Amino acid sequence: MALQISPLFSYFRAVLRTTGPLSCVRADFQATGVKFKHILSVQSPRLGAKPATSPHRGHIRAAIRGEKFSTALWKLSKGNGSSSARGRKGWLGKVAVGAVFGLSTFALGQSLHTGAVNAMALRVNLNSAEGNWKEIKDLLLSLSVKDRRQYYNTSNFVPLDDIPGWTPTAGGSESPCRQRNEKLDLKLSLYSGDITKLEIDAIVNAANKTLLGGGGVDGAIHRVAGPMLKKECASLHGCETGEAKITCGYGLPAKYVIHTVGPIAQGGVGEEEKKALRLCYKNSLKTATDHAARTVAFPCISTGIYGYPPEQAVHEALATVREYLDAHHDKLDRVIFCVFLPTDKELYLQNLPLYFPADPTGPTLKSKL
Ligand code: AR6
């Protein structure tokens with residue numbers, strides 16, 4: 001942007017040095033406006049290589065540039081420069097704002113913003129590896145959920161409202177291993193399906209140490225997020241077992257992806273693997289709350305390719321989430337256990353009441369799942 005703004009301002013200065021009456025200045029600025037439009041059109045390439053054809057694409061770079069340019073002009077028009085330059089800059093800015101495109105300050109700002117977004121038709125392709133992931137991330141994270149929807153790379157996303165809260169079921173055969181904490185009612189969900197569909201603040205990825213993608217849920221997440229995710233992941237320089245790192249969700253309906261690396265348990269589960277698996281859940285939740293993510297979904301970390309027995313992993317998952325929620329329930333609205341296999345769903349249905357028991361004296365509550 002600096003490359004584009006500075007020639008324009010140099011041009012303003014040159015024109016002001018060489019012109020006399022304001023009408024001439026105005027005429028020249030109008031010409032400059034045309035040039036500037038040209039600069040924006042020609043030098044603002046699409047963020048992706050292919051022409052965008054779907055309604056999921058947007059106008060990210062154009063929006064950022066339009067925003068920055070209108071802000072720059074606004075600052076200039078306020079004349080907040082130093083000492084003697086202040087008066088000249090203020091005057092220059094006001095003339096510039098009034099003159100470029102022959103519009104009022106307000107109309108100019110509006111025109112640049114909405115014009116950049118709507119009329120210039122510069123489009124983003126989240127399926128292309130071209131483009132600056134930081135710019136895209138900044139914009140996506142600044143949008144409301146509703147405004148972000150146009151960038152989703154998946155159909156049939158599932159909004160939080162469609163994910164029922166899990167309510168504890170009293171009267172199971174096994175005795176609970178935790179006390180009841182009514183503050184945690186409706187803070188949990190058991191969701192059966194694809195984690196890449198969830199429109200929530202953060203989904204957790206069962207990644208590997210490189211963070212550069214792989215199979216299983218990791219592969220599914222990278223496919224939907226698109227290549228910008230891999231670019232941002234590459235900037236994180238890997239992740240150790242049990243740690244967690246956060247990125248933007250890009251084409252995913254989830255705003256963030258929290259990448260954690262579970263233990264490889266193909267040789268059996270010992271204390272080290274248990275501890276590492278608990279750390280995955282704890283560090284993922286801490287990373288979520290550190291980023292003000294209030295809704296988080298977990299897959300069954302390590303229980304696929306990494307071979308952790310699911311009937312053991314479920315206890316580490318539930319115990320750690322229970323412990324974290326006891327201490328930090330005010331920071332989280334929902335923790336979702338996202339199960340992919342019917343056998344995992346069964347395991348969670350059996351074990352959830354042990355870690356999140358119902359009131360034994362109250363009415364029997366039925367899970368809505
Ligand atoms: N949504 C929700 N859960 C899923 C999905 C999905 N779309 N796809 C699979 N699962 P895994 P790991 C479940 O193998 O064992 C990768 O190559 C799956 O049924 O994905 O931690 C990484 O790069 C299982 O319950 O992760 C690593 O190299 C759970 O996700 C390695 O695999 C985890 O299975 C990590 O292995």
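Trainee: What makes β6 a strand that is mostly covered?

Mentor: The model is a predicted one, in which local features need pLDDT of at least 70 and side-chain atom pairs count only at pLDDT 80 or more, while totals for chains, interfaces and linings use all residues. Residues are numbered from 1 along each chain as its sequence is written, and side-chain values use heavy atoms, with hydrogens and water left out. A residue is buried under 20% relative accessible area, exposed over 50%, and partly exposed in between, with a 1.4 Å probe and protein chains only as cover. In β6, 6 of its 6 residues are buried, and β6 is therefore described as mostly covered.

Trainee: Which residues of β6 are buried on each side?

Mentor: One side carries Y256, I258 and T260, and the other carries V257, H259 and V261. These residues are all buried, and both faces of β6 are covered.

Trainee: How do you know that β4 and β6 are paired, and in which sense?

Mentor: Strands are DSSP runs of E with at least two residues, helices are runs of H or I with at least four residues, and both are numbered from the N terminus. Two strands pair if DSSP finds at least two bridges between them. Strand β4, residues 202-207, and strand β6, residues 256-261, have 6 bridges and therefore count as a pair, in the parallel sense. Within this pair, V204 stands opposite I258, and A206 stands opposite T260.

Trainee: What is the sense of the pairing between β5 and β6, and over how many bridges does it run?

Mentor: The sense is antiparallel, over 5 bridges. I246 stands opposite I258 in β6, and C248 stands opposite Y256 in β6. As for the cover of β5, 4 of its 5 residues are buried.

Trainee: Why are β2 and β5 placed at the edges of the sheet?

Mentor: The sheet is open and has 6 strands in the order β2-β8-β7-β4-β6-β5, with mixed pairing. β2 (188-192) and β5 (244-248) each have a single partner strand, so one side of each is left without a neighbour in the sheet. From one strand to the next, the twist averages 25°. The strands of a sheet pair through backbone hydrogen bonds, either parallel or antiparallel.

Trainee: Which helices lie across these strands?

Mentor: Helix α9, residues 227-234, lies across β5 and β6 and runs at about 135° to β5. Helix α11, residues 310-328, lies across β2, β7 and β8, running at about 170° to β8. Such angles run from 0 to 180 degrees between N-to-C directions, with axes fitted to C-alpha atoms, for helices over the stretch in contact.

Trainee: What is the relative accessible area of G215, and where is G215 placed?

Mentor: Its value is 41%, so G215 is likewise partly exposed. G215 is placed in the loop between β4 and α8. G215 and I305 are 90 residues apart in sequence and 8.2 Å apart in space, C-alpha to C-alpha.

Trainee: What makes a space a pocket rather than a cavity?

Mentor: On a 1 Å grid over the protein atoms alone, a cavity is a set of points where a 1.4 Å probe fits but cannot get out; a pocket is an open set with protein on both sides within 12 Å along at least five of seven lines, and lining residues have an atom within 4 Å of a point. The count comes to 3 cavities of 30 Å³ or more, and the largest cavity holds about 80 Å³ of space. Among the residues lining the largest cavity are W166, R180 and F356.

Trainee: Which residues are closest to the centre of the largest pocket?

Mentor: The largest pocket holds about 590 Å³ of space. Of its 27 lining residues, A206, G216, V217, G304 and I305 are the closest to its centre. The largest share of the lining, 4 residues, comes from α8.

Technical notes:
Contact = heavy atoms within 4.5 Å. Points joined across faces, edges and corners; volume = space filled by probe spheres on them.
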